[in-house]
Protein chains: 2
Amino acid sequence: MQVIRYPEKSEWKDIIARPTFETASLESIVSSILDDVKLNGDAALRHYTAKFDKAEIENFAVSETEFEEAENLISAELKQAIFHAKENLEIFHGSQIEKPERIETTPGVVCWRESRAIERVGLYIPGGTAPLFSTVLMLAIPARIAGCGEIVLCSPPDSTGKIHPAILFAARVCGTTKVFKIGGVQAIAAMAYGTQTVPQVYKIFGPGNQFVTCAKQMVAREGIALDMPAGPSEVAILADDTAVPAFVAADLLSQAEHGADSQVLFVTTEEKMIEPVLRELESQLNRLPRRDLTAQALENSRAVLVKNADEAIELLNEYAPEHLILACQNDEGIAAKVVNAGSVFLGKYSCESAGDYASGTNHTLPTNGAARAYSGVSVDSFVKKITFQKLSAEGIKNLGATIEAMAAAEGLEAHKNAVTLRLKELGRKAAV
Amino acid sequence: MQVIRYPEKSEWKDIIARPTFETASLESIVSSILDDVKLNGDAALRHYTAKFDKAEIENFAVSETEFEEAENLISAELKQAIFHAKENLEIFHGSQIEKPERIETTPGVVCWRESRAIERVGLYIPGGTAPLFSTVLMLAIPARIAGCGEIVLCSPPDSTGKIHPAILFAARVCGTTKVFKIGGVQAIAAMAYGTQTVPQVYKIFGPGNQFVTCAKQMVAREGIALDMPAGPSEVAILADDTAVPAFVAADLLSQAEHGADSQVLFVTTEEKMIEPVLRELESQLNRLPRRDLTAQALENSRAVLVKNADEAIELLNEYAPEHLILACQNDEGIAAKVVNAGSVFLGKYSCESAGDYASGTNHTLPTNGAARAYSGVSVDSFVKKITFQKLSAEGIKNLGATIEAMAAAEGLEAHKNAVTLRLKELGRKAAV
């Protein structure tokens with residue numbers, strides 16, 4: 001970890017720079033797979049599953065028997081943990097449901113908004129080194145609370161043709177409607193275009209490697225909505241002299257272990273925090289099973305000593321981290337000044353892993369600085385908010401002249417005429 | 001207008017098909033302008049403004065004098081109309097501000113969401129045949145209500161180097177912070193990358209021609225957020241036997257006059273509504289100044305007779321129109337069944353132009369079927385919702401085992417360790 005003391009503002013740009021990824025070079029490979037699935041449906045899915053996952057799959061849909069087998073493989077302790085996390089996620093996401101409120105803007109002109117679930121959504125859960133069943137909870141629970149009718153989940157099979165039991169168990173208890181043993185670009189294609197067995201969806205959620213990310217971007221150009229732009233996971237920690245170095249190091253490591261491309265940023269106002277945190281990093285790192293990967297992520301990461309809390313928060317807002325931990329006495333005061341972040345953790349007991357798994361907040365969050373303009377996943381991500389309006393005769397009389405004047409000034413006579421005809425009818429009625 | 005009676009479901013796909021547009025062919029032109037502005041800033045802006053807008057501009061920023069001149073050119077009647085519309089938009093969008101609510105998901109685990117304005121946003125307002133000052137209201141008002149610090153507006157100058165006075169007047173009264181005389185791809189580039197005079201923004205809003213649309217899509221790939229995918233404007237009207245044919249025709253025409261690529265869909269359960277509406281269309285069309293354009297749009301449009309209200313709403317949900325007018329006795333009952341639409345207008349006095357200008361709802365809405373997954377612009381479009389959480393000692397004790405079990409099952413030991421260390425510390429404290 002590189003230590004930078006009292007940097008000039010001109011150096012900030014380099015401090016907060018993310019590793020860049022070139023996806024354009026992947027586009028030709030990805031687009032050939034997308035096109036093949038679009039054209040050949042399930043047959044293409046079988047081909048790529050054999051090629052990339054080394055699995056021969058006849059029926060991609062996970063069967064009832066497979067769900068039962070999976071449930072039998074999950075320990076009672078893990079089941080209980082999943083139910084506890086699920087309950088917290090349901091409480092927090094349940095609070096995000098908006099109640100329609102009718103607003104009379106002008107007498108006789110009533111406007112309101114109502115949420116409607118996106119009818120069909122697709123969730124992608126990667127395979128790979130860690131079975132991310134927690135992401136199943138994070139996506140399927142808000143989808144179900146929103147009321148999505150079809151919640152499709154795709155995850156790659158292993159070479160024996162199976163999905164990790166924890167993913168299947170979570171998918172079942174969180175209310176996904178269809179689960180398919182399909183991974184990678186071919187899974188994104190299947191959900192974007194639909195095949196004989198996979199229903200087409202309107203919005204695709206979930207993490208993935210750079211091929212999956214590229215595939216999501218490419219189908220987005222064809223009109224499929226996405227959860228948010230993808231990038232490697234990251235955390236920033238702000239620590240004052242009340243922070244516990246062992247906790248700070250543990251939180252940095254819990255981000256760094258996600259992968260060699262993860263990024264952690266440690267910001268402190270206290271010189272005396274730096275050495276203890278670095279020492280803790282080293283000693284804890286040596287005990288981790290994913291040590292090499294984690295060490296690589298730390299190499300790309302920085303510890304920054306700044307003058308005071310105001311400068312710290314200015315730097316952190318520029319960085320716009322996915323996760324921001326405020327290990328500070330004045331956590332609430334500093335939190336009020338946070339403008340750009342995905343999710344904020346206050347105080348010494350609020351470790352990132354609480355939000356990653358079980359506190360109730362969502363862990364699908366904007367990375368790579370996207371927190372400047374994007375929110376994390378919530379129930380909002382699974383609904384559209386449709387506006388409604390109803391004008392009474394009184395309403396159009398009160399608003400008519402305003403609409404006519406504006407339409408005329410824009411040179412849109414037909415817009416004006418739609419009002420004029422109605423006002424005329426009401427004039428005639430009034431005259432009768 | 002093509003009339004289709006009692007179509008089979010298999011024909012729906014053709015009925016609801018939108019005209020398709022190929023933007024890929026524009027990418028090389030657009031990307032050369034984007035690159036030039038990125039590299040050469042204001043100098044490139046001057047070059048393209050001279051080339052495309054035939055205007056020599058030294059200072060792109062609209063000056064105080066220019067704002068005053070513009071205000072003097074606006075009639076008292078139009079000013080009053082703009083203030084009325086503004087007031088309604090402020091009332092309705094003001095109601096969209098979310099109050100944070102702290103939720104205790106598990107004893108000692110408190111989670112909440114707070115909205116933070118996107119710090120810098122860019123609004124694009126096209127020039128062209130109609131000065132769309134109403135779009136200034138629709139974008140700047142929610143941006144200001146959200147609390148965006150920098151609200152940049154770009155609009156192309158005419159050949160005398162001026163922006164239409166109604167656009168400038170609306171920009172001033174709605175609280176934009178900087179207005180620039182820049183149009184087209186170069187305006188999108190200026191806001192996406194920043195130049196010597198134009199600040200870089202995080203999210204770009206507003207309509208435009210196919211070059212502007214292509215430019216927005218291309219800067220989105222570089223991380224700039226967009227309001228929503230763009231497409232030609234459209235309306236669908238559902239009429240029962242209580243609808244007034246002249247009103248239905250006027251509403252269809254007020255959409256069709258937007259441009260030759262606009263699309264209107266007229267759906268009715270009543271054979272006897274078709275002829276009167278077609279007759280009204282013809283007679284009203286002949287009196288319109290934008291007659292040729294409007295006639296072209298009508299040529300691409302369809303009247304569809306269906307069996308009953310249920311079939312109608314099923315077809316309309318498949319279509320997912322930007323605007324949906326329910327000219328029906330049972331408007332509220334039918335509205336409850338609308339799943340996919342941008343904005344819904346209930347009853348015979350709720351013409352689309354009410355929402356286009358002044359009722360209070362936003363007119364920046366999802367087109368081209370995007371209403372299946374996207375909402376129209378609202379205050380939400382100008383904020384991020386950040387999640388916060390604070391665990392007390394009690395909180396981590398209550399949640400710790402759950403997090404540990406899940407992290408261990410995902411093979412993420414550092415995530416688990418961040419909890420274990422905290423539980424140990426609390427154990428030690430308890431033992432003392």
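Select A:Lys86 and look around: leaving aside neighbours within four places in sequence, A:Lys86 is in contact with A:Leu137, A:Ile141, A:Arg144, A:Val173 and A:Cys174. Contact here means heavy atoms within 4.5 Å. This is a predicted model, in which local features need pLDDT of at least 70 and side-chain atom pairs count only at pLDDT 80 or more, while totals for chains, interfaces and linings use all residues. Residues are numbered from 1 along each chain as its sequence is written, chains are lettered from A and ligands numbered from 1 in the order in which they are written, and side-chain values use heavy atoms, with hydrogens and water left out.

**Stop 1: A:Lys86 and its helix**

A:Lys86 is part of helix H5 of chain A. Helices (H or I, at least four residues) and strands (E, at least two) are DSSP runs, numbered from the N terminus. Is A:Lys86 buried or exposed? A:Lys86 counts as buried because its relative accessible area is 13%, and buried means under 20% relative accessible area, exposed over 50% and partly exposed in between (1.4 Å probe, protein chains only).

**Stop 2: all of chain A**

Now zoom out to chain A, which has 17 helices and 14 strands. Its C-alpha trace spans about 90 × 60 × 45 Å along its principal axes. Of the 432 residues in chain A, 60% are buried.

**Stop 3: helix H7**

Next, select residues 165–173 of chain A, which form helix H7. Which residues are buried there? They are A:Ala166, A:Ile167, A:Leu168, A:Phe169, A:Ala170 and A:Ala171. The buried residues of H7(A) pack against helix H4 (64–73), H5, helix H6 (133–146), strand S5 (150–155) and strand S6 (178–181) of chain A. Just after H7(A), click on A:Gly175, which has a positive phi of about 90 degrees.

**Stop 4: the sheet**

S5(A) and S6(A) run parallel and are joined by four bridges; two strands pair if DSSP finds at least two bridges between them. To see one bridge, select A:Val152 and its partner in S6(A), A:Lys178.

A:Ile204 stands opposite A:Leu226 in S8(A).

**Stop 5: B:Val121**

Hop over to chain B and select B:Val121, which lies in strand S4 (residues 120–124). B:Val121 is buried, with 0% relative accessibility.

**Stop 6**

Finish by selecting A:Ile97, A:Glu98, A:Lys99, B:Glu98 and B:Lys99, the closest to the centre of the second largest pocket among the 22 residues that line the pocket. Helix H5 (76–94) and strand S3 (109–117) of chain A, together with strand S3 (109–117) of chain B, each supply at least two residues of the lining.

Technical notes:
On a 1 Å grid over the protein atoms alone, a cavity is a set of points where a 1.4 Å probe fits but cannot get out, and a pocket is an open set with protein on both sides within 12 Å along at least five of seven lines; lining residues have an atom within 4 Å of a point.
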